[in-house]
Amino acid sequence: MTLASHFSYWVTVLLLMVGLFIVIARDNLIKKLIGLGIFQTAVYLLYIAPGKLIGGVAPIIGGQFAVYSNPLPHVLILTAIVVGVATLALGLALVVRIKEAYGSIDEDEILAMDARDDTSPVADRDGS
Amino acid sequence: MRLDIILRVIAKLLIPFALVFGLYVQFHGDYGPGGGFQAGVIVAAAVIFYALIYGLPAARRVVPDAVVEFLLAFGVLLYSGVGIASILLGGNFLDYFVLGADPVSGQHRGIFWVEAGVLITVAAVMLKIFYVFAARKRDAGEAGQ
Amino acid sequence: MLTQHFPALLVVVPLVAAPIIVLARHALASWLIALLATAASFGIAAVLLDQTLADGVISYAMGSWEIPLGIEYRIDAAGAFVALIVAGMGLIAMPYSRVGIAAEVRSEEHYLYYALMMLCLAGLLGILVTGDAFNLFVFLEVSSLATYVLIAMGRDRRALVAAYQYLLMGTIGATLYVLGVGLLYLETGTLNLADMAARLVSVGDSRGVLAALAFITVGISLKIALFPLHLWLPNAYAYAPSPVSAFLAATATKVSIYVLMRYFFTIFGPTEVFDARATGAILLGLSLAAMFVPAIVAIFQHDMKRLLAYSSVSQIGYITLGISMDSVEGLMASAMHLFNHALTKGGLFLVLGGVVLRCRGAGFDRLAGLGHTMPMASFAMVVGGLSLIGVPGSAGFISKWYLVSAAMHEGQWWLVGAVLASSLLAVIYVWRFVEVAYFRAPPADHPAPGEAPLSMFLPALAMIVACVYFGIDATWSSDVAMRVAEVLMSSRSIVQ
């Protein structure tokens, strides 16, 4: 059963597509970040799922254990999660600043305001 | 939140346990699941919990901004300090084997200090993020007056 | 001996400088620390380049763990060459920053600016020195996150949106890269790049490897700003503080190009997948598109910073064109252009930073009559522009010459025409500046601005002079570029 045995890959691909779709299709800057989060999480799954073997144990050398699960992907993904958190925090911080500067978190509105700004060259953040 | 006596009492009971649990996760990292990342988040969560119940100004009196900023830099320095110490002791960067009399105690000592650095930085960064987001409007209002 | 630890110290020095700067908080002290750390990195990079040119690969076991298991730091002539460019650009940008950011960044944020520059530098150098695929991702994100913040520090509110867009695109790029690395890890069971390359040969023509190649190529291309994936770049460069624009233009995309070269030639190069699919042809098509479309867009800009940014996207096309030729000559031309374009564009952005400071903007209406109000800066811009075009006697000419001769070596005569035609477009967009600066009257409200402060103009001048110097005496740069190309191609040709 290839469909069932590749279950985790199907989920990964689905989440990747969903995440990327949200990033592309939504105008709300926060929703875009949520999509980005889903996109990143899908990759975590790609790493984590193959690391687990059914019946596998922690890789401690000993006579009574024969099948080991691979712990390395977990460590890698722990790092990737931290990177993801940092990215999300920075992204949200930018959205807060954008909201303060533009009064909107809708991409279309912001781009429209930018287009107006382009005709007036000096547009300081505090409006001076 | 002044009148929510249940929340205030429960928070007072829970926060010490949360901090101790953070330390448990930290030191258990040597032998089982755990370590600086998780412990740092738990410690930060305890302080954030305090801030949610008693208010941000109270939390900022307990753990001031300057302390948080100091700690988040200090943790990174502690981590890299271990690496530089192992270079000075004749090993490669982050070579724990040379830190103790025998390789096993060296590994223990190295990972202890590295994880301590991770705990400090992660806790401080989490708090910093919380402070910055939570205080954004408040600080802007003060600056405007 | 300390020199044996140089591969680690190259990254550690700026990485340690960042928290020290945060502890110091004082603007002048943090500037001094940053300057010292950058100078140290530059010295280390120079020594490493010297060693790698003499001895080949330098390998360093992080934490003394056995090498395919632990993280390996591995640097050869190619990595050291790009590291020298990055650290050198940092060293030029640091003295420039002292005055350069005063007008654009709030004074209480100055220490953060220096700390972020250090993190960015550490991340970029880490990418070049690491021999571990996942470690590379971490350094990529360290440099990228620092970059997003640096861009958001720009004075204009559009800097925030530019940083946000770059954050989205950059994170998608980095995530696609991790996805590719994950597939490679599943195929080979190792993350060490050298080990991975050796094991991939025996994997054969696998769909997993093909998918990994596709993901990594697209992910890194986003970071390079290769033509259809360049949308984040113009705004990011245009609204970032001037020293940041210059530093990024000279380093960030170049480091990503190094990563692409590394993956194409060292990792995928020996596999059947790489030869069986038309990777080179796809890259050739994109490079040609990059040489023309953004150059045409650049012609229609009304802002000098944006013009230069689009020109960057266009020049990246030349570098990837050399890669797509898949020959020592082509790669050598790429390495040359990587170096020369870093000099040229870094220098141009530095000069422009001084102009922006004096004219309060880089729009053409602000720059009108610059040839009379700021003659020195304006002349430096024109010299840099000539190098962008590739006029003989400038650095740009040398690399285009090698690119053209590589194309002739391949028998691809039509590419010679393409390079020439694209250079003509560069003539037009550089002429736009000349026309504005020399043939238009200064705006009426324009207070006679005077030249940029010396601490900004001297570093900029140094880059422009270097641009001319390496256009006249290219022995050193061409020798090193040749070695870089040989190192990369030698790993390409190992089959079985």
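**A walk through chains A, B and C**

Let's start with C:Gly417, which counts as exposed, with 12 C-beta neighbours inside 10 Å. The cut-offs run like this: a residue is buried if 20 or more other C-beta atoms lie within 10 Å of its own, exposed if 12 or fewer do, and partly exposed in between, with C-beta atoms placed from the backbone. C:Gly417 is found in helix H19 (residues 413–439) of chain C. Helices here are DSSP runs of H or I with at least four residues, strands are runs of E with at least two, and they are numbered from the N terminus. The C-alpha atoms of C:Gly417 and C:Tyr164 are separated by 39 Å, and the two residues are 253 apart along the chain.

Before going on, keep in mind that this is a predicted model: local features need pLDDT of at least 70, side-chain atom pairs count only at pLDDT 80 or more, and totals for chains, interfaces and linings use all residues. Residues are numbered from 1 along each chain as its sequence is written, while chains are lettered from A and ligands numbered from 1 in the order in which they are written.

C:Met456 has 26 C-beta neighbours inside 10 Å, so it counts as buried. Leaving out residues up to four places away in sequence, C:Met456 touches C:Tyr96, C:Val99, C:Gly100, C:Gly353, C:Gly354 and C:Leu357. Touching, or being in contact, means that the C-beta atoms of two residues, placed from the backbone, lie within 7 Å.

Now for a pair of helices in chain C. Two packed helices are described by the angle between their axes and the distance between the axes. The axes of H3(C) (residues 77–100) and H4(C) (residues 110–129) come within 9 Å and cross at roughly 170°. The axes are lines fitted to C-alpha atoms, for helices over the stretch in contact, and the angles run from 0 to 180 degrees between N-to-C directions. That crossing makes H3(C) roughly antiparallel to H4(C); angles over 145 degrees get that label, under 35 is roughly parallel, 65 to 115 is roughly perpendicular, and the rest are oblique. On the H3(C) side, the contact is made by C:Gly79, C:Val82, C:Ala83, C:Val86, C:Ala87 and C:Gly90, and H4(C) answers with C:Leu121, C:Leu124, C:Leu125, C:Leu128 and C:Val129. By class, that is 9 nonpolar, 2 polar and no charged residues. In this scheme Ala, Val, Leu, Ile, Met, Phe, Trp, Tyr, Cys and Pro are nonpolar, Asp, Glu, Lys and Arg are charged, and the others, Gly among them, are polar.

H4(C) itself has 19 of its 20 residues buried, so it is largely enclosed by the rest of the structure. Its end C-alpha atoms are 29 Å apart, which agrees with the 28 Å that its 20 residues should span at 1.5 Å a residue. The expected span is 1.5 Å times one less than the number of residues.

Most residues other than glycine have a negative phi. C:Arg25, although not a glycine, has a positive phi of about 65°, and it sits in the loop between H1(C) (6–24) and H2(C) (27–55). C:Asp326 has a positive phi of about 60° and is not a glycine either; this one lies in the loop between H13(C) (304–324) and H14(C) (328–359).

Over to chain A, which has 5 helices and 0 strands. Buried residues make up 23% of its 128 residues. Where it meets chain C, 31 residues of chain A are in contact with 29 residues of chain C. On the chain A side, H3 (29–51), H4 (72–102) and H5 (107–119) each give two or more residues, and H4(A) gives the most, with 13. That side divides into 21 nonpolar, 4 polar and 6 charged residues.

Finally, chain B. H1(B) (residues 5–28) reaches 34 Å from its first C-alpha to its last, close to the 34 Å expected. H1(B) bends by about 25° at B:Leu14, with B:Pro16 following within four residues; the bend is the angle between axes fitted to the seven residues ending at a residue and the seven starting there. B:Gly22, B:Val25 and B:Gln26 of H1(B) are buried, and the buried residues of H1(B) pack against H2(B) (36–54) and H5(B) (103–134).
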